[in-house]
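Subject: Structure handover

Hello,

Here is the structure for you to look through. My notes on it follow below.

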Amino acid sequence: MPAHVIYTFPIALSYSAMFRSVSDYFRTEILPMIKIKQINGDVYLPGIEAIKNILSLRFELSLFKEKALNRAIMSTGGSLRDLFKILADAATRAGRRNSEIIELEDVNIALNKLSSTLTRMIETNNYKLLIKIHESEIEKQKIENRDNSLELMQAMVLLEYNTKRWCDVHPLVVEFLEGLGEIE
């Protein structure tokens, strides 16, 4: 009986030596984050438009103040999972306010919640690695400390992007490190 089954697993597992045992028996596709910034930090408009296009298939973009939607997109680093979580939380808050429009404040409160979740998983001994990755295009392309890097990918603190494989620190983690004075 011909059947199709889709299994998903965290991208960090594709860095394991054991990934080969999966890829030998199954057709595997790695789906990285949608790139909203270039490796050099410049905004990547085609990625932002792609995300807005995906969102427009799920709901009316007019439900959001433009600044609120843009903040949600840029602060989630191209992670659709994080973005949908933020938008759902912001919509719930707007509903509690009896508002039909999701405001920037709704998004910011949802982002604070996600930021707390992400940063709770970071140990201070990881700050140096995260800063190094964030500040250097070369470091974004390397996996220097495999165990730490894979753990941070698993926690979605490091996000992997497409074309030439590279990683960057989740934008909310960057904001957290800036708040601590670790990044200027």
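**Rings and charges**

Searching the whole structure gives three aromatic pairs, where rings of Phe, Tyr and Trp (its six-membered ring) pair if their centres lie within 6.5 Å, and planes under 30 degrees apart count as stacked, over 60 as edge-to-face and the rest as tilted. One of them joins Phe 59 and Phe 64, a tilted pair with 5.3 Å from centre to centre and 45° between the planes. Phe 64 is buried, at 8% relative accessible area (buried means under 20%, exposed over 50%, partly exposed in between, with a 1.4 Å probe and protein chains only).

This is a predicted model, in which local features need pLDDT of at least 70 and side-chain atom pairs count only at pLDDT 80 or more, while totals for chains, interfaces and linings use all residues. Residues are numbered from 1 along each chain as its sequence is written, and side-chain values use heavy atoms, with hydrogens and water left out.

Two charges sit over rings (NZ of Lys or CZ of Arg within 6 Å of the ring centre and within 35 degrees of the ring normal). The charged end of Lys 35 is over the ring of Tyr 44, 4.5 Å from its centre. Arg 58 lies over the face of Phe 84, with 4.7 Å to the ring centre.

**Helices**

Helices (H or I, at least four residues) and strands (E, at least two) are DSSP runs, numbered from the N terminus. The axes of α2 (residues 45–58) and α3 come within 11 Å and cross at roughly 115°; axes are lines fitted to C-alpha atoms, for helices over the stretch in contact, and angles run from 0 to 180 degrees between N-to-C directions. Ile 48, Ile 51, Lys 52 and Leu 55 of α2 meet Leu 69, Asn 70, Ile 73 and Met 74 of α3, contact being heavy atoms within 4.5 Å.

In α5, the buried residues include Asp 106, Val 107, Ala 110 and Leu 111. The buried residues of this helix pack against α3 (66–75), α4 and α9 (171–179).

**Positive phi**

Most residues other than glycine have a negative phi. Asn 98 has a positive phi near 60°, and its place is the loop between α4 (80–96) and α5 (104–119). Asn 98 is exposed, because its relative accessibility is 73%. Met 156 also has a positive phi, of about 65°, and is found in the loop between α8 (146–154) and β1 (158–161). Met 156 counts as buried because its relative accessible area is 15%.

Regards
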